[in-house]
Amino acid sequence: MMTRIAKLLSKWPSSKALLFACFTGLAALALMVAAILWPKPIIVVLGMSVAQGFGGIAFLLFLVSVAAEYRRDTGATSKP
Amino acid sequence: MTEHFTIPGVLTLVTAALAALLLVHHLLARPAITTATKVRLLFGLGVFPILTAALNTAEGMHRTTTREFCGSCHVMGDHLRDVENPDSLSLASRHGRNPHIGESNCYVCHANYGMMGYPLTKITGMKHVYYYYFGGYKDWPIEKAVAEIRMNEPYPNSNCMQCHSGKLESWRNVREHSALLEDLTSNKVACASAGCHGYSHPFSKKAREEKQAAR
């Protein structure tokens with residue numbers, strides 16, 4: 001299991017994942033701001049559900065990217 | 001666009017703007033993944049958005065209790081106009097003029113009483129949103145909505161009695177209250193009925209009767 005995760009992290013495209021996370025994060029923020037500015041029922045519901053899902057995905061991508069970069073850094077320094 | 005901003009509402013906009021600035025900067029500059037970039041993104045994707053989500057939820061929970069929000073679906077238009085009519089003598093309008101609950105009088109009267117009242121009311125509210133957007137209510141003319149949309153179950157007297165407590169002497173001193181105490185607590189007799197305090201939204205009863213007579 002740990003080997004699988006390590007393999008996945010070593011191949012993780014951090015730069016692309018972070019760019020995608022930024023777009024997803026911006027979409028989440030836009031929905032939340034819309035819920036404040038135009039508080040119609042469907043927008044408020046989306047702001048408190050879908051937007052939080054998008055935000056969660058973006059943050060998860062960030063965390064995985066940081067872990068992948070850490071893995072690469074430590075892997076590189078531990079090589080003889 | 002809303003005219004009433006609350007502190008959580010303003011803070012939501014501020015934290016969202018800060019997060020957006022960091023994210024847009026990353027998208028435009030496309031910097032190398034250094035420690036500084038990671039810290040910036042921690043704030044742009046983590047700290048500020050989490051704050052935004054928490055504040056937005058607090059604001060959303062508050063916003064969904066306001067009369068303006070309930071009246072934003074057109075099927076509630078007549079209810080809203082009646083409540084806001086200073087000359088209306090309906091039970092709902094009289095409660096709407098009460099300064100303690102005025103702005104939230106739909107929620108205060110219709111929210112379930114008890115420990116789980118708040119989440120249960122919000123879940124029921126989600127059903128209303130579903131029916132409005134996906135159940136066809138959105139396309140109903142207001143006349144049809146007023147005549148046909150009705151409460152899922154009879155209005156519980158316990159909702160009235162969260163403010164008009166049956167334990168108060170002034171309440172118990174009313175002869176009708178003490179005579180009907182059992183029926184009132186078991187919901188056999190409604191506080192908001194023609195024989196007692198009148199209907200909350202009498203125009204909807206009238207519309208329903210007219211519709212039934214036409215059939």
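Me: Where does His201(B) lie?
Reply: His201(B) is in the loop between α12 (181-185) and α13 (202-214) of chain B. Helices here are DSSP runs of H or I with at least four residues, strands are runs of E with at least two, and both are numbered from the N terminus.

Me: What kind of model is this, and how does the numbering work?
Reply: This is a predicted model: local features need pLDDT of at least 70, side-chain atom pairs count only at pLDDT 80 or more, and totals for chains, interfaces and linings use all residues. Residues are numbered from 1 along each chain as its sequence is written, chains are lettered from A and ligands numbered from 1 in the order in which they are written, and side-chain values use heavy atoms, with hydrogens and water left out.

Me: Back to His201(B). Buried or exposed?
Reply: His201(B) counts as buried, at 17% relative accessibility. Buried means under 20% relative accessible area, exposed means over 50%, and partly exposed is in between (1.4 Å probe, protein chains only).

Me: Which residues is His201(B) in contact with?
Reply: Leaving aside neighbours within four places in sequence, they are His79(B), Ala92(B) and His110(B). Contact means heavy atoms within 4.5 Å.

Me: New topic. How many residues does each chain bring to the contact between A and B?
Reply: Chain A gives 31 residues and chain B gives 37 residues.

Me: And what area is buried there?
Reply: About 3000 Å² is buried between chain A and chain B, and carbon and sulfur atoms give 82% of that. Buried area is the accessible area (1.4 Å probe) that two parts lose on being put together, summed over both.

Me: Which residues of chain A lose the most area?
Reply: Leu29(A), Ile36(A) and Pro41(A) do. Together they make up 21% of what the chain A side buries.

Me: How many salt bridges are there between chain A and chain B?
Reply: The count is 0. A salt bridge is a side-chain nitrogen of Lys or Arg within 4 Å of a carboxyl oxygen of Asp or Glu.

Me: Which helices of chain A supply the touching side?
Reply: α2 (14-37), α3 (41-48) and α4 (50-78) of chain A each supply at least two residues. The largest share, 15 residues, comes from α2(A).

Me: What residue types are on that side?
Reply: The chain A side has 23 nonpolar, 5 polar and 3 charged residues. Ala, Val, Leu, Ile, Met, Phe, Trp, Tyr, Cys and Pro count as nonpolar, Asp, Glu, Lys and Arg as charged, and the others, Gly among them, as polar.

Me: Where is Glu59(B)?
Reply: Glu59(B) is in helix α2 (residues 35-63) of chain B. Its relative accessibility is 2%, so Glu59(B) counts as buried.

Me: What does Glu59(B) touch?
Reply: Apart from neighbours within four places in sequence, Glu59(B) is in contact with Ile36(A), Thr6(B), Pro8(B) and Gly9(B). The side chains of Glu59(B) and Arg63(B) also meet in a salt bridge (2.4 Å, N to O). Those two are 4 residues apart in helix α2 of chain B, about one turn of the helix. Arg63(B) is buried, as is Glu59(B).

Me: How many salt bridges does the structure hold over all chains?
Reply: It holds 5. One of these joins the side chains of Glu69(A) and Arg72(A) (2.8 Å, N to O). They are 3 residues apart in helix α4 of chain A, so about one helical turn separates them. Glu69(A) is buried at 12%, while Arg72(A) is partly exposed at 28%.

Me: Which residues are linked in a network of salt bridges?
Reply: Arg67(B), Glu84(B) and Glu103(B) are.

Me: Last topic. How many aromatic pairs are there over all chains?
Reply: The search finds 8. Among them, Tyr132(B) and Tyr133(B) are edge-to-face, 5.1 Å centre to centre with 85 degrees between the planes. Tyr137(B) and Trp140(B) form a tilted pair, at 4.7 Å and 45 degrees. Rings of Phe, Tyr and Trp (its six-membered ring) pair if their centres lie within 6.5 Å; planes under 30 degrees apart count as stacked, over 60 as edge-to-face and the rest as tilted.
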